[in-house]
Amino acid sequence: MERLCVRGGRPLLGSVQIQGAKNSVLPILAATLLNAGVSVIHNCPALSDVDAAIAILRHLGCAVTRTGTTITVDAATVSRTDIPDPLMREMRSSVIFLGAILARCGEAKLSYPGGCELGPRPIDLHLDALRAMGVEVEERGGTLHCRGIVTGRVHSLSIPSVGATENIMLAACGGKGTTVICNAAREPEIVDLQQFLRSLGAEITGAGSSTVVIRGGKPLHDGEHTVISDRIVGATYLSACAACGGEVELLGVDPRWLLPITETFRKGGCQVTGEGNRVTLRCTEPLRSVPPIRTAPYPGFPTDAQPMVMAAFCKSRGVTLFVETIFENRYRQAAELARLGAEIRVEGRVAIVEGKKLLHGAAVEAADLRGGAALVVGALAAEGESVVTGLRHIDRGYASLVEDLGQLGASINR
Ligand code: UD1
């Protein structure tokens, strides 16, 4: 069994280039299906979720090549409209292929993605939107069969779901008429998807705001795009620095994407600067507790950063409260952090972290992607040696965790 050995208690120091964003590259790879030609995508991180997306593209008939972090997809030869269950199960976000296959082929058949380690992950908003736009959706025995193309209309999402916004954007590009998504998710990764779709010739505006407008049916052509950096990976290294002390500079991330995180650590006593595409965090004394941290859709505090930031506050002065509003089961790291000496009480959607002066090394096991990253942050902050297992979860989202942290002076080996 593979494991990470971490010798904690050292400050982190140095600069690190942030990998491409997992949550951008996955919908963009799905979007390559829209163009019956070649798309070239740069800055694609080496993640198991990216491997899963490539496997789906190949199954559908695309020719996919990978050179370093560049992926080239030739979708001229798409020959299928189905995604078999094992490929759907590989990755929860494979549901994003639904809109793309529909846009390209007018028909899609895939299995229902079901729940996941963060709790139930319904796709009712995706399906309601497609139905409202004239797509026939049949659900039978865990299989979804969708037929027809989208007819443009105004559609309002009851919550700003990232995946539903992306699925509608993709389906609407291949539909007819104008689609307006109200209460759309505003994440930077949605803006990145819009940029890629525009590089293909799609007419789409408004991403990054609550209203996205897509004029369907535009003829598309070959495109090229560079994926934005991963703000959640950036948040991970900021959390590690806040937990261990030292000074870490992130290269390639827009400081605005990280504001909820940097503001939190600033309140906790760190010095933070951000300009251009760089963010620097300096931490010279133990973190102080901060007012309650409540996760919310962008531009609020990202749920994906909550576990790592929680790990940082395990070693702090005072009590910090977390309120998780997006996912039901997102405190699975708490019990494992307790093995490192953390004191965390979970009551439903609230977690109360009583900061400790010291954490100590222990054996811990990741149960999900960001929860796993939180254990690495905790292990780095703990005195002595820790062993982290459950690495398949961490590999879904981190392309060079060991190398990056090693470069910052951490003692970490796989
Ligand atoms: C995306 C991200 C994930 C992040 C999440 C929230 C990708 C690949 N994944 O996931 O890392 O944690 O956004 O920022 O980009 N919901 C429904 N019905 C639906 C769809 C969503 O009830 O049809 C609920 C979900 O259960 C959840 C909330 O809406 O409580 C937000 O989910 P959503 O924004 O859709 O997350 P994902 O797109 O799955």
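**Ligand site**

I started with Ser161, where a polar side-chain atom lies 2.6 Å from an oxygen atom of the ligand; for a polar contact I took a pair of N or O atoms within 3.5 Å, and within protein one must be able to donate a hydrogen and the other to accept it, while residues adjacent in sequence count only if both atoms are side-chain atoms. Keep in mind that this is a predicted model, where local features need pLDDT of at least 70 and side-chain atom pairs count only at pLDDT 80 or more, while totals for chains, interfaces and linings use all residues. Residues are numbered from 1 along each chain as its sequence is written, and side-chain values use heavy atoms, with hydrogens and water left out.

Next I checked the backbone. Val162 has an N or O atom 2.8 Å from an oxygen atom of the ligand, and Ile326 has a backbone N or O atom 2.5 Å from an oxygen atom of the ligand. I then noted that 18 residues surround the ligand, meaning that one of their heavy atoms lies within 4 Å of it. The closest are Asp124, Leu125, Ser161, Asp304 and Ile326.

**The four-stranded sheet**

I traced an open sheet with the order β10-β11-β13-β12 and mixed pairing. Helices (H or I, at least four residues) and strands (E, at least two) are DSSP runs numbered from the N terminus, and two strands pair if DSSP finds at least two bridges between them. The edges are β10 (154–156) and β12 (203–205), each of which pairs on one side only. Neighbouring strands are turned by 15° against each other on average, direction ignored; axes are lines fitted to C-alpha atoms, for helices over the stretch in contact, and angles run from 0 to 180 degrees between N-to-C directions.

Inside the sheet, β11 (178–182) and β13 (212–215) run antiparallel and are joined by four bridges. Ile181 stands opposite Val212 in β13.

Which helix packs on this sheet? I found α6 (162–173), which touches β10, β11, β12 and β13; contact here means heavy atoms within 4.5 Å. The direction of α6 makes about 170° with that of β11.

**Two twelve-residue helices**

I looked at α2 (48–59), whose twelve residues reach 16 Å from first C-alpha to last, close to the 16 Å expected at 1.5 Å a residue; the expected span is 1.5 Å times one less than the number of residues. Its buried residues include Val50, Ile54 and Leu57, where buried means under 20% relative accessible area, exposed over 50% and partly exposed in between (1.4 Å probe, protein chains only). Their cover includes α1 (22–31), β5 (70–74) and α4 (97–105). Just after α2, Gly61 has a positive phi of about 110°.

Helix α7 (188–199) also has twelve residues and reaches 17 Å, close to the 16 Å expected. Among the buried residues of α7 are Ile190, Leu193 and Phe196. Those buried residues pack against elements including α6, β12 and α8 (231–244).

**Two threonines**

Thr70 lies in β5, and a polar contact of 2.9 Å joins its side chain to that of His42. Beyond four places in sequence, Thr70 touches Val40, Ile41, His42 and Thr65.

Leaving aside neighbours within four places in sequence, Thr264 is in contact with Val290, Ile293, Phe301, Val309 and Phe313.
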